Amino acid sequence: MRLLGKLDWSAIPLDQPIPLIASATAGGLVVAVVIYAWAKGWWPYLWNEWITSVDHKRIGVMYIILAALMLLRGFADAVMMRSQQALALHGAQGYLPPEHYDQVFSAHGTIMIFFGGMPLVIGLMNFAVPLQLGVRDVAFPTWNNVGFWLTATGALLVNLSLGIGEFARTGWLPYPPLSELAYSPGVGVDYYIWALQISGVGTLSTGINLVTTILKMRAPGMSYLRMPVFCWTSLAANLLIIAVFPILTATLAMLGLDRYLGFHFFTNDAGGNPMMFVNLIWAWGHPEVYILILPCFGIFSEVFSTFSGKPLFGYRSMVAATLFICIVSLMVWLHHFFTMGAGGDVNAAFGIATSIIAVGTGVKIYNWLFTMYGGRIRFEPPVLWALGFMVTFVIGGMTGVLLAVPPADFVLHNSLFLVAHFHNVIIGGVVFGAFAGYEYWFPKAFGFRLHKGWGVAAFWLTLTGFVATFTPLYIVGMEGMTRRLQHVDNPLWDPWIILAGLGTIVIGAGVAAQLIQLVVSIRMRDQLRDVTGDPWNGRTLEWVTPSPPPTFNFPVLHDVHGEEAYWGMKQAAIAQERLYDEPDYKPIEMPRNSPTGFVTAFFAAIIGFALIWHIWWLVALGLVGAYATFVVFAWRDEDEYEIPAEEVARVDRARRAARGPEWLASMGAQP
């Protein structure tokens, strides 16, 4: 028995320059950042205020930073795929060998969904939901920290596969029998399994946390039908997380048992059935699409209402549509494999369910249109992203309804038409929605706005590149081009493949514009400062607080009246030409920061890496460390600290001073 299991020098891809250079560059950047932070003396601050923080706002920001890094990594994979296809024409081989190309497209999908999209929407929910509910934190603050660091651990394992071993060559969902040990004997599928198992535990814990927060911790007077729509869509998304992520965990556990202990859940022999995997993975996978998109629907509702200067049209119908989508999303998974041969009756039932679910989204589209109708729309960057969503998502939704028709799906199944549809929905819906939320809540998180000019440029470049990239894929998909091709031999498709590659370059320019926007905004932060805490003339409770909000969020918990709590308070103050009377400030107890999440993630990373490489003594050591962490946390004597009433008063009086008569007059003058 070897001390390091299957791990040896052959795991380093010395004969493959691209992953070797990429991993060396990434590792060098990490080391450089660590050394720079050490030289600047930032580590005590980072450890005490961020890494061990249990403040939902800072955890939300860390989720978004993680997501941004993973989106850049996933986009790099997309650039490699599109450029490889554009270069591998007329018999040329391009620069990516087939086995490396397979890893690239598998990593692209895995990273973009699990470590790009999911942390992005979870980060926005973590940041905004407690503020909108008018409460001071989530239900389980330390558990929130643990959930983030477990997600980061999964991302770490995926990226380790770039330089140590390999990643799965199975696609972003590891279908058997290809993912079984006989056909994938390397560690690629094992990296996939353990990265997703660990991050999935983090996601499930966050789902339980946010559902508990929304159901049990609202401000006084905030009934369910007084919650902002973003809280409703977050509730629906996290209910889906609780319902379906255990399915993912169980499915990957069964695949792991097949690979590690010779079980036969999904094998082609000994009673196994690969189609059971496909059913289970899509019973998780299609609700996952709505886990991603539902919070973005909530963001669009907040953005359209705020920047139209009007209440959201049809609030109750929006809530009903949200819950309708939440329930029906659990009943459509089989449309991903109509070609399985389940029979006409089964296909028809799932096709009808898939068509019906579009009704809920249609209700939302019309409500957003009616919200804007008659309003005085301010075309700030959040609105541009929201309008871009409406155009692109409607197209993506219509192509989805087309694919819901089994005969059409038989023709288009596994084609690039399907890839274009999926990206139409995910980029046009989730990415555009997350960028709208990023622009919208950035001044609340950091105290200054993002630069408008660069934000507008980023939007138009991204939208133009998006259309240029995926419209050609619809065309070649209709003409029969399938997915996952490392090279293309049909000369009729060459112009469309090249156009898609050029579109990717334009999207890259949009990414660069967003990075420049961030840098320029930081440099100009004094000119872009938000001193009042309400830069957009907002309508929900997060805009009551200063920007950035204090640790305790609110000096007192506000008594909510009506569907738009803050808007009603603000209109009363405008009418009276003064703020409400100063409250009776009292000490506030808040949870202490804790290293539990980081330490847990450290041992989870050790366990995951050791399981991948069959280093069993290291697995045992990691389990002992994880259990010890649990025991130490459980026996803490002090888990809260007190913020004195004087400090609470100081923070709130500064906020009130910034909201004098001039500010009230300016708010009254806005639509």
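Is Asp-534 buried or exposed? Select it and look: at 2% relative accessibility, Asp-534 counts as buried. Buried means under 20% relative accessible area, exposed over 50%, and partly exposed in between, with a 1.4 Å probe and protein chains only.

Before moving on, note that this is a predicted model, in which local features need pLDDT of at least 70, side-chain atom pairs count only at pLDDT 80 or more, and totals for chains, interfaces and linings use all residues. Residues are numbered from 1 along each chain as its sequence is written, and side-chain values use heavy atoms, with hydrogens and water left out.

**Stop 1: salt bridges**

Helices here are DSSP runs (H or I, at least four residues), numbered from the N terminus. Lys-570 is buried too, with a relative accessible area of 3%.

A salt bridge is a side-chain nitrogen of Lys or Arg within 4 Å of a carboxyl oxygen of Asp or Glu. A search of the whole structure finds 13 of them.

Next, select Asp-55 and Lys-57. This salt bridge has an N to O distance of 2.9 Å. Asp-55 is buried at 10% relative accessible area, and Lys-57 is buried at 5%.

Now go to Glu-49 and Arg-58. The closest N and O atoms of this salt bridge are 3.0 Å apart. Glu-49 is partly exposed, at 33% relative accessible area. Arg-58 is also partly exposed, at 24%.

**Stop 2: helix 4 against helix 13**

Select residues 98–133 (helix 4) and 416–446 (helix 13). The two pack at an angle of about 35 degrees, with their axes 10 Å apart. Axes are lines fitted to C-alpha atoms over the stretch in contact, and angles run from 0 to 180 degrees between N-to-C directions.

Show side chains at the contact (heavy atoms within 4.5 Å). From helix 4, the residues include His-108, Leu-120, Leu-124 and Phe-127. From helix 13, they include Phe-422, Val-430, Tyr-438 and Trp-441. By class, this contact has 13 nonpolar, four polar and one charged residues.

**Stop 3: Ile-427**

Stay in helix 13 and select Ile-427. At 18% relative accessibility, Ile-427 counts as buried. Leaving out residues up to four places away in sequence, Ile-427 touches Phe-432, Phe-466 and Phe-470. Draw a distance to Thr-462, 35 residues apart along the chain: the C-alpha atoms of Ile-427 and Thr-462 are separated by 10.0 Å.

**Stop 4: Gln-517**

Move to helix 15 and pick Gln-517. Gln-517 is buried, at 0% relative accessibility. Not counting residues up to four places away in sequence, Gln-517 touches Tyr-438, Glu-439, Leu-450, His-451, Trp-454 and Gly-455.

**Stop 5: helix 9**

Finish with residues 315–328, the 14 residues of helix 9.

Which residues of helix 9 are buried? They are Tyr-315, Met-318, Val-319, Ala-321, Thr-322, Ile-325, Cys-326 and Val-328.

Terms used
Ala, Val, Leu, Ile, Met, Phe, Trp, Tyr, Cys and Pro count as nonpolar, Asp, Glu, Lys and Arg as charged, and the others, Gly among them, as polar. The expected span of a helix is 1.5 Å times one less than its number of residues.
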